[in-house]
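Subject: Structure handover

Hello,

Here is the structure I promised you. Please open it next to this email and follow along.

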Amino acid sequence: MSRNPLRCVGLLMQGSMFNTWKPMWVVLLEDGIEFYKRKADNSPKGMVPLKGSSINSPCQDFGKRMFVFKLTAAKQQDHFFQAAYLEERDAWVRDIKKAIRCIDGGQRFARKSTRKSIRLPETINLSALYLSMKDPEKGIKELKLEKDKKVFNHCFTGTSVIDWLVSSNSIRNRKEGLMLASSLLSEGYLQPAGDTSKAAAEGLSDTPFLDLSDAYYYFPDSGFFCEGNSSDDDVVLKEEFRGIVVKQGCLLKQGHRRKNWKVRKFVLREDPAYLHYYDPAGGEEPLGAIHLRGCVVTAVEDMPDSKKYDVDNILFEIITANEIHYYLQAASSAERTEWIRAIQAVARTGK
């Protein structure tokens with residue numbers, strides 16, 4: 001696809017090339033932003049050069065759309081991007097601003113490095129080490145872990161990272177392992193999951209990385225997501241219906257023909273990536289399914305028919321790869337965020 005991408009994900013986009021919002025696979029490079037119709041495409045639909053550009057966030061040009069930022073190119077062309085949630089928008093804005101500063105200063109874009117501060121040998125190739133850690137057979141095993149009534153999917157403990165580094169002869173002892181793992185964390189090859197590891201990464205511990213069994217981490221492209229644990233129907237169940245169930249619960253769904261809203265039980269599966277919906281009163285056969293591979297999902301502040309049908313504005317929208325729009329309502333903002341992140345993860349990793 002692109003040369004040395006700094007960041008890439010599916011976003012909604014509107015600009016000089018599109019009169020309406022379109023789901024695009026957006027790739028941030030050192031000198032510009034490329035956008036593709038599909039993740040697997042080899043040729044981009046277009047590119048926005050970053051030299052001479054400016055960015056505005058939060059962007060209030062679209063009152064009913066949340067998490068929008070605006071990129072104004074040197075030729076005063078406005079391009080709008082909508083992320084799925086606040087953290088994702090802020091991460092894009094932060095990296096785009098840094099890329100623009102690097103262009104203006106004639107520098108290369110680089111993640112903050114701790115190599116000098118922790119005296120990491122120059123012979124260590126963090127990129128190659130990262131690929132070895134992700135090896136399906138010999139690498140670190142990604143697990144589903146529970147802590148503080150939350151379920152962390154596709155993650156691993158700090159202790160397992162140090163154990164792997166020792167067993168692979170990458171280090172001589174666990175103290176060196178902490179140094180190496182801290183560097184992997186700082187360079188973005190590892191990400192903290194949960195309050196314990198996040199607090200350490202933010203400088204509230206003696207080391208950025210923790211060699212602890214209750215400190216969780218994940219690979220940035222692993223499909224990690226966190227969901228709340230529950231004792232009711234939201235508990236993940238084993239069902240013999242194509243694919244592993246990763247999340248389920250009841251949501252309000254808008255119909256395609258009559259545009260009315262009805263409560264449906266939704267079951268999110270991966271491999272293949274489908275969101276099936278059922279009659280909550282019962283029934284083993286699904287009423288329908290949404291294919292999530294290549295979709296874009298984002299929060300929505302409001303929509304025209306919501307007041308007519310007495311629908312609260314805790315909405316999110318799924319736009320499939322063939323541009324079919326689905327509107328769903330969660331019971332709370334936190335639940336909406338959980339669904340969005342879970343669907344995003346399945347859309348990236350499922351078939």
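The second largest pocket has a volume of about 400 Å³. A pocket is found on a 1 Å grid over the protein atoms alone: it is an open set of points where a 1.4 Å probe fits, with protein on both sides within 12 Å along at least five of seven lines. Grid points are joined across faces, edges and corners, and the volume is the space filled by probe spheres set on the points. Lining residues have an atom within 4 Å of a point. There are 20 of them here, and Trp-25, Lys-39, Arg-293, Gly-294 and Cys-295 are the closest to the pocket centre. Two or more lining residues come from each of β1 (7–15), β2 (18–28), β17 (296–300) and α6 (333–349). Helices (H or I, at least four residues) and strands (E, at least two) are DSSP runs, numbered from the N terminus. By type, the lining has ten nonpolar, four polar and six charged residues. Here Ala, Val, Leu, Ile, Met, Phe, Trp, Tyr, Cys and Pro count as nonpolar; Asp, Glu, Lys and Arg count as charged; the others, Gly among them, count as polar.

A word on the source. This is a predicted model, where local features need pLDDT of at least 70, side-chain atom pairs count only at pLDDT 80 or more, and totals for chains, interfaces and linings use all residues. Residues are numbered from 1 along each chain as its sequence is written, and side-chain values use heavy atoms, with hydrogens and water left out.

Now the whole protein. Its secondary structure comes to six helices and 19 strands. It has 351 residues, and 46% of them count as buried. Buried means under 20% relative accessible area, exposed means over 50%, and partly exposed lies in between (1.4 Å probe, protein chains only). Among contacts (heavy atoms within 4.5 Å) with a separation of 6 or more, 52% join residues 24 or more positions apart.

Next, look at Lys-253 in strand β13 (residues 244–254). Is Lys-253 buried or exposed? Lys-253 counts as buried, because its relative accessibility is 9%. Strands pair if DSSP finds at least two bridges between them. Leu-252 stands opposite Gln-329 in β19.

β19 has another partner. Strand β18 (residues 315–319) pairs with β19 in the antiparallel sense over five bridges. Ile-318 stands opposite Tyr-326 there. Five residues lie between the strands of this hairpin, and Glu-323 takes a positive phi near 65 degrees.

Then go to strand β9 (residues 150–157). Six of its eight residues are buried. Four bridges join β9 to strand β8 (residues 143–147), and the two run antiparallel. Glu-146 stands opposite Val-151. The β8 and β9 hairpin has two residues between its strands, and Asp-148 in the turn has a positive phi of about 50 degrees. β9 also pairs with strand β11 (residues 216–218), antiparallel, over two bridges.

Last, the cysteines. How many disulfides does the structure hold? It holds zero, where a disulfide is a pair of cysteine sulfur atoms within 2.5 Å. Cys-155 counts as buried, at 0% relative accessibility. Cys-250 is partly exposed, with a relative accessible area of 44%.

Best wishes
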